[in-house]
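Subject: A structure for you to explore

Hi there,

Here is the structure I promised to pass on to you. Please open it next to this email and look up the residues as you read.

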Amino acid sequence: MTRIVSIGESMIELSGREGTTWRQGFAGDTLNTLWYLRALSPQSAETDYVSAFGDDPFSREQIAFLRHYGIGIANSPVIPGRVPGLYAITLDAHGERSFTYWRESAAARCLADDRDALTESLHGAGLIYFSGITLAILAERARDDLLSIIESARSRDSVVAFDPNYRPRLWADIGAARTAINAGYAVSSIVLPTFDDEQALFGDASPGETVDRIRHQGPGEIVVKSGGDAALVAVDLRTEPVAPPRSVEPLDTTGAGDSFNGAYLAARLAGRDASEAALFGHTVAAKVIRHYGALMPMDSLAELRF
């Protein structure tokens with residue numbers, strides 16, 4: 001079974017509605033995707049979350065939480081004096097989210113500071129997943145190091161999947177974001193963008209234009225998500241829209257795109273074709289948005305496991 005590695009920032013998540021008790025969990029875009037990969041993959045699958053962690057009680061709890069659910073941390077460093085980032089989700093009556101973040105001293109910002117540890121963490125991975133947020137939280141030199149190490153892993157036959165996941169507040173300016181995300185495309189085998197993000201960052205007029213632009217960077221497999229609408233699936237020169245099986249009224253859209261990514265990749269690892277995998281991604285995301293918070297209990301997805 002392929003070893004699966006996801007790289008990024010796991011944060012403390014506070015979720016709830018106004019006037020209710022806040023619930024604490026752990027989440028973050030690349031962790032969310034790995035969570036669904038872990039939930040939907042065979043139990044024999046090996047999964048690692050590659051980041052950097054603090055030495056405080058919350059960080060220790062975070063690592064224990066991951067291990068409890070069968071997710072290791074490979075050679076991720078534990079950095080004295082650092083702590084996890086924190087974010088709070090506020091929901092409106094329609095399940096749409098707004099976020100407040102505290103992440104300036106987050107340990108994950110140091111995840112690429114030790115090249116040797118990062119290289120060892122990725123060694124032997126069959127699938128490597130990262131995102132635009134992974135790139136955004138790093139200093140420029142660390143970002144370049146990460147991309148170089150990922151590119152080397154791909155040259156040794158790792159499949160590399162990337163969600164650009166553009167978040168303007170994390171970038172100094174739009175030019176820096178474009179440069180870094182284009183570099184992310186260039187080292188990737190599979191790209192899983194969201195059309196609204198790509199439109200905001202690159203001015204694309206349609207999902208088809210997003211596919212054409214990213215194809216020129218080299219990835220052979222692109223799936224453009226469009227919320228509750230059809231995803232545009234492009235493999236080599238074949239392009240096909242794949243619609244959700246049904247419309248679902250969301251309770252909380254947190255983690256919807258991340259769960260789609262995890263389900264899509266799990267299906268591809270199980271040998272499904274890209275269109276089948278996208279339909280499976282829609283099916284899982286529809287379940288996730290009927291649940292509060294980014295991480296749906298793994299037991300709730302056991303019946304869908306490959």
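Below is what I found, starting with the spaces inside and ending with a few single residues. Please keep in mind that this is a predicted model.

How many cavities of 30 Å³ or more does a search of the whole structure find? The search gives 2. The largest cavity has a volume of about 40 Å³. Its lining is made of 13 residues, and those nearest the centre are Ser10, Ala52, Gln62, Pro84 and Ala107. Two elements each give two or more residues to that lining: strand S5 (53–54) and helix H2 (57–68). Sorted by class, the lining of the largest cavity has 7 nonpolar, 5 polar and 1 charged residues.

The second largest cavity holds about 40 Å³ of space. You can find its lining by selecting Val50, Ser51, Asn75, Ser76, Pro77, Leu111, Asp114, Ala117, Leu118 and Ser121. Which helix gives the most to this lining? That is helix H3 (residues 115–122), with 3 residues. Here the classes come out as 5 nonpolar, 4 polar and 1 charged.

Strand S3 has the largest share, 4 residues. By class, the pocket lining divides into 9 nonpolar, 5 polar and 4 charged residues.

**The nonpolar cores**

In soluble globular proteins, nonpolar side chains tend to be buried together. In this model, the largest nonpolar core has 48 residues. Leu40, Tyr264, Leu265, Val284 and Leu301 have the most contacts inside that core.

Thr47 sits in strand S4 (residues 47–50). Is Thr47 buried or exposed? Its relative accessible area is 2%, and buried means under 20%, so Thr47 is buried. The side chain of Thr47 reaches the backbone oxygen of Gly70 at 3.0 Å. Apart from residues up to four places away in sequence, Thr47 touches Ile4, Leu34, Arg38, Gly70, Ile71 and Gly72.

Thr134 lies in helix H4 (residues 132–136). Thr134 counts as buried because its relative accessible area is 1%. A polar atom of the Thr134 side chain lies 2.8 Å from the backbone oxygen of Ile7. With residues up to four places away in sequence left out, Thr134 touches Ile7, Gly8, Thr30, Leu111 and Leu146.

Glu120 is found in helix H3. With a relative accessible area of 44%, Glu120 is partly exposed.

**Two residues with a positive phi**

Most residues other than glycine have a negative phi. Ala74 has a positive phi of about 50 degrees although it is not a glycine. Where does Ala74 lie? Look in the loop between strand S6 (71–72) and strand S7 (78–79). Ala74 counts as partly exposed because its relative accessibility is 33%.

For Asp157, phi is positive too, at about 85 degrees, and Asp157 is not a glycine either. You will find Asp157 in the loop between helix H5 (140–155) and strand S11 (159–163). Exposed means over 50%, so Asp157, at 69% relative accessibility, counts as exposed.

Best wishes

Key: Residues are numbered from 1 along each chain as its sequence is written. This is a predicted model: local features need pLDDT of at least 70, side-chain atom pairs count only at pLDDT 80 or more; totals for chains, interfaces and linings use all residues. Side-chain values use heavy atoms; hydrogens and water are left out. On a 1 Å grid over the protein atoms alone, a cavity is a set of points where a 1.4 Å probe fits but cannot get out, and a pocket is an open set with protein on both sides within 12 Å along at least five of seven lines; lining residues have an atom within 4 Å of a point. Grid points are joined across faces, edges and corners, and a volume is the space filled by probe spheres set on the points. Ala, Val, Leu, Ile, Met, Phe, Trp, Tyr, Cys and Pro count as nonpolar, Asp, Glu, Lys and Arg as charged, and the others, Gly among them, as polar. A nonpolar core is a set of buried Ala, Val, Leu, Ile, Met, Phe, Trp, Tyr and Cys residues joined through side-chain atoms within 4.5 Å. Buried means under 20% relative accessible area, exposed over 50%, partly exposed in between (1.4 Å probe, protein chains only). A polar contact is a pair of N or O atoms within 3.5 Å; within protein, one must be able to donate a hydrogen and the other to accept it, and residues adjacent in sequence count only if both atoms are side-chain atoms. Contact means heavy atoms within 4.5 Å.
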